[in-house]
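This briefing concerns the structure shown below. Please consult the sequence and the model while reading the points that follow.

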Amino acid sequence: MRWLQRHIRPEQIREFSLLLLIVAAVLIFGSMIDGYYTSRTFNRIASSVAIITVVAVGQTLVVLTRNIDLAVGSIVGCTAYFTGAQLAAHHGLPPVVAVLIAMALGCAMGAINGALVAYGRVPSIIVTLGSLAIYRGILIDYSGARTVTTDSLPKWLIDLPRLNFITIGDLDIRAMFALAVGIVVLFQIGTSFLNVARRFYAMGSNPDAAELIGMPTRQIVFSAFVLSGTLSGLAGFMFLARFGNITVEAARGMELQVVAAVVVGGVNIFGGSGTVFGAMLGAIMIAILEQSLFRLQISEFWRDAILGLLILMAVASDAVILNRLRAIWSRTELKLVTRPGTGAAP
Amino acid sequence: MTPATGQLRPIDTAAVPPVLEMRGIAKRFGATQALEDVSLTLRPGEIHALLGENGAGKSTLIKIMTGVYQPDRGEIRLAGKPVTVGSAAEGQIHGIAAIYQEPLLFPDLNVAENIFVSHQNRGAVTNWRQMFREAESILASLGVALDVRSPARGLTLAAQQSVEIAKAISLNVRVLIMDEPTASLSAHEVAQLFRLVRDLRSKGVAILFVSHRMEEVFQIADTVTVFRDGRLISTRPAAEVTPQKAIADMVGREMGLFQRRAAAKKGEKLLAVRGLARAGVFEGVSFDVHRGEVLGFAGLIGAGRTDVGLALFGIEPATSGTIELNGAAHVIRSPRQAMALGIAYVSEDRRQLGLSLPMSISANISLPVLARYLSRLGLIRTGEERATAEAFRKRLSIRTPNVDLAVGKLSGGNQQKVMLSKWLNTRPALLILDEPTRGIDVGAKAEVHAMIGELAAEGIGIILISSDLPEVLAMSDRVLVMREGRQMAILDGDSATSQTVMTAAMGQEMAA
């Protein structure tokens, strides 16, 4: 037990138990659904995970700083539509440019949110609730309620979702899923080792102290929203590639899935703790639930309700279980011991 | 450097060139002149105590030193060279750091990261292994054993302050400002802290020590500076000052430490508590309170005194034992029930449990008994509400332009008075005061003490929980001493001395 406590933190236990929960979910759904353990199921879930994960990485950064970005669904929708419209009009556009267009647009939208929250001092829930509606409104106006259709898009884009990164036995690891995993690895390493990124944790953990030791707190918040927007832009491109047909309703309500992924993944909604890796586990859990419930022919409304329930359960378990674990940890470990007999006796 | 009035020559450290000099510093906020022509010199290896009532300008001076505020006039010299401290980050580059009453740690970051968090130039990539090793060696040099990999969440206040000190050392501070670092520490923890502070002094750090606890100041300081109304009144070697002299400088008049309250006439028995316990927190607490009596609760921090108060008021109800009020037994399960029984509890935490800071003074005072102020339509009769607040303002001399002001805008002492008003307005029979004078200045303290005397004289039974031992001794008719959740003794009148109370609180055998 002592060894366990020294080398493993309560937060890691939480991530591990989520992993167990995912395995349990797979086993349960596997017994309920015929032909569940196929590469088709895996790819369905993986491509859903890929998109949610990329957005959830950005959301994690925002939530770490004690904020929330509800506009991600609208940003994904806008960038998917805008990039799709550009590609439909200019078939010769190089893939790299198309990705950059999507990310730049997402970056700009995130920057507007970030500026209002960090420099305008408006609570993020208000700002992004507003921009959620505004961005969607702009999309409807810009699109004139037309749809980007699959047959108007260049062939490379339509083929992209089935592009393999690597094949392990029967399983095809698609490029888009590999990209999402790559982003998670990149940001996990970044947030663990880059001093600039550790500021997200510091800032969310104690904003007053961050201010007092001269951290650029506004820049930190601003950059979290910019990164969230940029990653949402990238996810918008992936969304376009996956579905091809983009309506003004694209990615509507995705913020619920993303926030659920982040919270279920153990990122503290009050900021300061949680990991990008956890958020990906959360995204996997949610994608499994979504796909499996779909296969079980449970209505979409119930799926949303279950997501909501999952958020509530995650937050409740955070409050109860994690605090309990932390209490056990600190009782046995964090005793202040002073060496006797040093310094002048009072 | 123009010597301020009453300033005497500094002590023998005068031979050492000063590390920090503040010359003719002035700062104004709106109509308030917070600082006026203040000149202060800090020398390496000196513990310099700063005394003054709340609002005397100590905090403003600290904030100017650390770069949070900019002075309107005056000059700051660091090792003889004039500097500007434009921000807190710049202050740290100059080697000036501050430790506050509530340490400013990042609860989710681990101990090592907290120590090194404000290092400006530690490269782009965190070398965790090296950081853990260096953090461990700094803590070891302080004689403190802490797991540097644990998050700071859950550390005791004393451990948190050790981390703050380690942080200061890692930054190679030349000037360390400690703003009331002992306010929430137990006696044992204060001793540990003082050992660390003396260590720092021997390493040549200049320490500016701000405290309201006189005996601590004289225990540790080499030099004592007193502020009053934004001016520096005196700077003297500690050996040449007595607490009475320092207090006289602070308030501008001679004044006894605490006036002993004249014992009031003891009325009939109001409260009888027998074998009260809350599982795992405290047990075996039995005492009586009579009308007009002040029962002091003494003990170290964490002895369970506040928990007894919370149990009596139903916030954290007792799990066993009996409570009798006016001869009738009651099981108190909620504050609402306690209030109905005539119990009021003035919490030690003004911000969290006590007051609604954005609300006006009058709204705060009427809050617990709002029903009394409702018209027949269920609307609040603000005129009456204000009249009550006005009455309390006169009675407790709350210093405010009007009672519609938000409580958050008042000074600590005046907030305390509003809180007292709020609970007196419930017309309690039993008043539980938990640390009623913590963090408020000497003048306001004396007023609160006078108020306690008056309330007892009116026949209210009072339980006074306080960590300020001279205060407990001066105000109480009897003193109940607790230690680690147990009742150690009830000492009455003459047998209660600082010696006997501390003996019981430390769990030592009583000398016969």
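**A sheet and a helix in a predicted model**

In chain B, six strands form an open sheet with mixed pairing, in the order β6-β8-β9-β3-β10-β11. The edge strands, each pairing on one side only, are β6 (96-99) and β11 (231-237) of chain B. From one strand to the next, the twist averages 20°. The model is predicted: local features need pLDDT of at least 70, side-chain atom pairs count only at pLDDT 80 or more, and totals for chains, interfaces and linings use all residues. Residues are numbered from 1 along each chain as its sequence is written, while chains are lettered from A and ligands numbered from 1 in the order in which they are written.

**Terms**
- Helices (H or I, at least four residues) and strands (E, at least two) are DSSP runs, numbered from the N terminus.
- Strands pair if DSSP finds at least two bridges between them.
- Axes are lines fitted to C-alpha atoms, for helices over the stretch in contact (C-beta atoms, placed from the backbone, within 7 Å), and angles run from 0 to 180 degrees between N-to-C directions.

**Chain B: strands and covering helices**
- Strands β3 (residues 47-51) and β9 (residues 206-210) of chain B run parallel and are joined by four bridges.
- L50(B) has V210(B) in β9(B) as its bridge partner.
- Helix α5 (residues 157-170) of chain B lies across β6 and β8 (175-179) of chain B, at about 180° to β6(B).
- Helix α6 (residues 187-202) of chain B lies across β3, β8 and β9 of chain B, at about 150° to β9(B).

**Chain A: helix α9**
- Eight of the 11 residues of α9 (residues 195-205) of chain A are buried, that is, 20 or more other C-beta atoms, placed from the backbone, lie within 10 Å of the residue's own.
- Among them are R199(A), F200(A), Y201(A) and M203(A).
- The buried residues of α9(A) pack against α3 (39-64), α8 (175-193), α10 (207-212) and α11 (217-243) of chain A.

Terms used. Contact = placed C-beta atoms within 7 Å. Buried ≥ 20, exposed ≤ 12 C-beta atoms within 10 Å, placed from the backbone.
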